[in-house]
Amino acid sequence: MSKGRLDALLDGLGIKLVPVYRRRAAAQSHARGTMWEIYNEYGPGHLVFVLRCIKQTRNNRDELWSETIGAISDVLSQREDWAIERAGEVLNAFDTIPLGPLRGEAVARRPWPVRASLRMLIYKELEKRLDEPEQRLAV
């Protein structure tokens with residue numbers, strides 16, 4: 001996939017990639033490398049869904065950090081049942097998950113890798129919202 005194709009895909013989502021030496025504004029990201037990684041590993045559909053979990057949710061529209069994008073991808077690639085069978089519920093859950101403060105919590109835990117810490121925090125929040133009712137019924 002060429003650089004132009006990635007940019008065209010992101011244009012459809014209202015996201016613009018900017019070089020790391022430029023300060024990013026709303027709906028902009030420096031995460032070209034992370035997006036390439038996700039696209040190559042899981043395909044464009046997965047990348048689009050990951051970005052929709054950020055961009056099309058109420059309070060997270062501008063949380064387009066590489067660690068956040070990577071962590072969401074990691075969670076959704078491990079829980080394909082959520083991503084495939086319950087996509088609407090996942091998007092609704094992200095409306096209530098504050099990605100900015102979670103990323104801040106992960107950054108505060110350095111030297112642990114931010115993406116790994118954030119992955120666990122996001123997973124925990126999604127699990128509360130998506131698995132809890134099923135667990136109560138099973139008891």
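Which residues of helix α6 (residues 87-95) are buried? Val 90, Leu 91, Ala 93, Phe 94 and Asp 95 are, where buried means under 20% relative accessible area, exposed means over 50%, and partly exposed lies in between (1.4 Å probe, protein chains only). Helices here are DSSP runs of H or I with at least four residues, strands are runs of E with at least two, and both are numbered from the N terminus.

Some ground rules before going further. This is a predicted model, in which local features need pLDDT of at least 70 and side-chain atom pairs count only at pLDDT 80 or more, while totals for chains, interfaces and linings use all residues. Residues are numbered from 1 along each chain as its sequence is written, and side-chain values use heavy atoms, with hydrogens and water left out.

Let's zoom out to the whole chain. There are nine helices and two strands, and reading along the sequence gives the pattern α-β-β-α-α-α-α-α-α-α-α. The radius of gyration is 15 Å, close to the 14 Å that the globule rule gives for 139 residues, so the chain is as compact as a globular protein of that length. For the record, that radius is taken over C-alpha atoms, and the globule rule is 2.2 Å times the number of residues to the power 0.38. Along its principal axes, the C-alpha trace spans about 50 × 30 × 25 Å.

Of the 139 residues, 44% count as buried. The accessible surface comes to about 7,700 Å², and 50% of that belongs to carbon and sulfur atoms; areas come from the Shrake-Rupley method with a 1.4 Å probe, and for residues only the protein chains shown count as cover. Take contacts (heavy atoms within 4.5 Å) between residues at least 6 apart in sequence: 66% of them join residues at least 24 apart. As for charge, the mean positions of the 22 positive and 19 negative charges are 8 Å apart. Lys and Arg count as positive and Asp and Glu as negative, with His and the chain ends not counted, and each charge is placed at NZ of Lys, CZ of Arg, CG of Asp or CD of Glu.

Now back inside. In soluble globular proteins, nonpolar side chains tend to be buried together. A nonpolar core is a set of buried Ala, Val, Leu, Ile, Met, Phe, Trp, Tyr and Cys residues joined through side-chain atoms within 4.5 Å. The largest one here has 36 residues, and those touching the most other members are Met 35, Leu 51, Ile 69, Ile 72, Phe 94, Ile 122 and Leu 126. Two or more residues of this core come from each of α1 (3-11), α2 (32-42), α3, α4, α5, α6, α7 and α8. The buried residues of α6 pack against α3 (44-55), α4, α5 (80-85), α7 and α8.

Leaving out residues up to four places away in sequence, Phe 94 touches Cys 53, Thr 57, Asn 60, Ile 72, Leu 99, Ile 122 and Leu 126. Its partner Ile 72 is in contact, beyond neighbours within four places, with Val 50, Cys 53, Ile 54, Phe 94, Leu 99 and Ile 122.

Over in the loop between α1 and β1 sits Leu 13, which counts as buried at 15% relative accessibility. Aside from neighbours within four places in sequence, Leu 13 is in contact with Val 48, Leu 51, Arg 52 and Lys 55.

Ser 77 lies in helix α4 (residues 66-78) and is buried, at 13% relative accessibility. Tyr 42, in helix α2, counts as partly exposed at 39%. Not counting residues up to four places away, Ser 77 touches Tyr 42 and His 46, while Tyr 42 touches Ser 73 and Ser 77.

Finally, the backbone. Most residues other than glycine have a negative phi, and most peptide bonds are trans. Ala 27 has a positive phi, near 60°, and is found in the loop between β1 (16-17) and β2 (28-29). Ala 27 is also buried, with a relative accessible area of 15%. The peptide bond from Arg 110 to Pro 111 is cis, with omega near 20°, and Pro 111 belongs to the loop between α7 (99-108) and α8 (114-130).
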